[in-house]
Amino acid sequence: MKNVLFVCSQNKLRSPTAEQVFANWPEIEVSSAGTNNDAENPLSNELIEWADIVFVMEKAHRAKVQGKYRPALKGKRLICLDIPDEYDFMDPTLVQLLKATVPRHL
């Protein structure tokens, strides 16, 4: 079983969509968080330590995660999906994009 964490800024649109899309996939457990302090579910050391793979939506998220959580990232895969903040929650285009990119990294 792999623990997969999806990260965006506010944890309102992109990362919760990814969490929902992959919630019932076999062999993985999923969660999501946001890099901002006022995110719905703020990113924490505990979440990074829980995860085997961390997917971030943008390069800015990767930089924040690497800067703040570098010790907790040791030995983990950090993957940037390059998905801009232009989608609503469960937007069909976002869902399709996630399904096309995430599985090849699992």
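This is a predicted model: local features need pLDDT of at least 70, side-chain atom pairs count only at pLDDT 80 or more; totals for chains, interfaces and linings use all residues.
Residues are numbered from 1 along each chain as its sequence is written, and side-chain values use heavy atoms, with hydrogens and water left out.

Helices and strands are DSSP runs, numbered from the N terminus (helices: H or I, at least four residues; strands: E, at least two). Four strands form an open sheet in the order S2-S1-S3-S4. The pairing is parallel. Two strands count as paired if DSSP finds at least two bridges between them. In general, strands of a sheet pair through backbone hydrogen bonds, either parallel or antiparallel. S2 and S4 are the edge strands, each pairing on one side only. From one strand to the next, the twist averages 20°. Angles run from 0 to 180 degrees between N-to-C directions, and axes are lines fitted to C-alpha atoms, for helices over the stretch in contact.

Seven bridges join S1 and S2 in the parallel sense. Valine 4 has valine 30 in S2 as its bridge partner. S1 also pairs with S3, again in the parallel sense, over four bridges. Here phenylalanine 6 stands opposite phenylalanine 55 in S3. S2 is mostly covered, with six of its seven residues buried. Buried means under 20% relative accessible area, exposed means over 50%, and partly exposed lies in between (1.4 Å probe, protein chains only). Helix H3 lies across S1, S3 and S4. H3 runs at about 170° to S4.

Alanine 51 is located in the loop between H2 and S3. Its relative accessibility is 0%, so alanine 51 counts as buried. Alanine 51 touches Asn3, Leu5 and Lys76, leaving aside residues up to four places away in sequence. Contact means heavy atoms within 4.5 Å. Alanine 51 and leucine 13 are 38 residues apart along the chain, and their C-alpha atoms are separated by 20 Å.

Helix H1 is mostly covered as well. Seven of its nine residues are buried. These are Arg14, Ser15, Pro16, Thr17, Ala18, Val21 and Phe22. The cover over the buried residues of H1 includes S1, S2, H3 and H4.

H1 (residues 14-22) packs with H4 (residues 92-101) at an angle of about 65°. The axes of H1 and H4 are 10 Å apart. H1 passes H4 in a right-handed crossing. A crossing is right-handed if the near helix is turned clockwise from the far one by less than a right angle, and left-handed if anticlockwise. H1 contributes Arg14, Thr17, Ala18, Val21 and Phe22 to the contact. H4 contributes Leu94, Val95, Leu98 and Lys99. Six residues of the contact are nonpolar, one is polar and two are charged. Ala, Val, Leu, Ile, Met, Phe, Trp, Tyr, Cys and Pro count as nonpolar, Asp, Glu, Lys and Arg as charged, and the others, Gly among them, as polar.

A salt bridge is a side-chain nitrogen of Lys or Arg within 4 Å of a carboxyl oxygen of Asp or Glu. The count by this rule is four. Glutamate 40 pairs with lysine 12, with the closest N and O atoms 4.0 Å apart. The two residues are 28 apart in the chain: glutamate 40 sits in the loop between S2 (28-34) and H2 (45-50), and lysine 12 in the loop between S1 (2-8) and H1. Glutamate 40 is exposed at 57% relative accessible area. Lysine 12 is partly exposed at 44%.

Glutamate 58 forms a salt bridge with arginine 14, at 2.6 Å between the closest N and O atoms. Glutamate 58 lies in the loop between S3 (53-56) and H3 (59-73) and arginine 14 in H1, so the pair ties together parts 44 residues apart in sequence. Arginine 14 is buried, at 2% relative accessible area, whereas glutamate 58 is partly exposed, at 25%.

Lysine 59 forms a salt bridge with aspartate 82, at 2.9 Å between the closest N and O atoms. Lysine 59 is in H3 and aspartate 82 in the loop between S4 (77-80) and H4, 23 residues apart. Both are partly exposed, lysine 59 at 49% and aspartate 82 at 45%. Salt bridges that share partners join Arg14, Glu58 and Asp85 into one network.
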